[in-house]
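Hello,

Here is the structure I promised to pass on to you.

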Amino acid sequence: MPIPAGALHARRKARQREAASQRVEASKKAQKKKKTLAAVLKKYDTNNTGQLEVDQLKAMLTDFNNGQEPTEEECQFILRIADTSQEGGINGEEIGDAISAWLVYKDERDVIQKVMEKYDTNKTGQLEREQLAALLLELNNNMDVGEDDVDWVLANADVLGNGAITPMELSKAIAVWFAHVDAHGQSTQDGLRSSKACSIL
């Protein structure tokens, strides 16, 4: 039985009202988040420059880490990840990304440490090229990984630019590898790949 035109119009209006309500709610949440981040910036920007310098960033990360100070490497990693304006600090547009990156790393830190203990065979606190290659080999279900592939992952995941993969960069290295695999069709079955990634991270 055909739906009357009036009923169709009413349904359309109801959908429009629902969509409008969702937009208003999303806008409210965005405004609330913006105010919260502005308050965080104001709290740690003790010299009122409009951005967090390294020592101020360190203070913020410490508070988001139950009072435990981050290492200099961790601070530099967050700075390089979030400082998209490349002004040497974290401004109001970047502070949300800085906090998110830190919380993700903090949540994964215990697992990351276990991976580092397995592959960091000379205990330098980072994965050198050969150790990264061993990790990628396992991620690739023990199928050969080319030298160029290892170099590509290192070039794209080495945020600190020290020629190795630090604990902070490990998740990025794994994500970069799978993106590379997807782009070049080098992976084994997706199910095997996913299970292998889960067993490592």
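This is a predicted model: local features need pLDDT of at least 70, side-chain atom pairs count only at pLDDT 80 or more; totals for chains, interfaces and linings use all residues.

The largest nonpolar core has 45 residues, and the members that touch the most others in it are Met60, Ile95, Leu135 and Leu170. Two or more residues come from each of these elements: α1 (5-44), α2 (54-63), α3 (72-82), α4 (95-119), α5 (129-139), α6 (147-157) and α7 (170-184). With 10 residues, α4 gives the largest share of this core. As background, nonpolar side chains in soluble globular proteins tend to be buried together.

Beyond its neighbours within four places in sequence, Met60 is in contact with Val40, Tyr44, Leu52, Ile95 and Ile99.

Finally, two loops are worth a visit. In the loop between α3 and β2 you will find Gln86, which is not a glycine and yet has a positive phi of about 55 degrees. Is Gln86 buried or exposed? Gln86 is exposed, because its relative accessible area of 70% is over the 50% cut-off. The loop between α4 and α5 holds Lys123, another residue other than glycine with a positive phi, here near 55 degrees. Lys123 is exposed too, with a relative accessible area of 58%.

Enjoy exploring, and write back with any questions.

Best wishes

Notes: Residues are numbered from 1 along each chain as its sequence is written. Side-chain values use heavy atoms; hydrogens and water are left out. A nonpolar core is a set of buried Ala, Val, Leu, Ile, Met, Phe, Trp, Tyr and Cys residues joined through side-chain atoms within 4.5 Å. Buried means under 20% relative accessible area, exposed over 50%, partly exposed in between (1.4 Å probe, protein chains only). Helices (H or I, at least four residues) and strands (E, at least two) are DSSP runs, numbered from the N terminus. Contact means heavy atoms within 4.5 Å.
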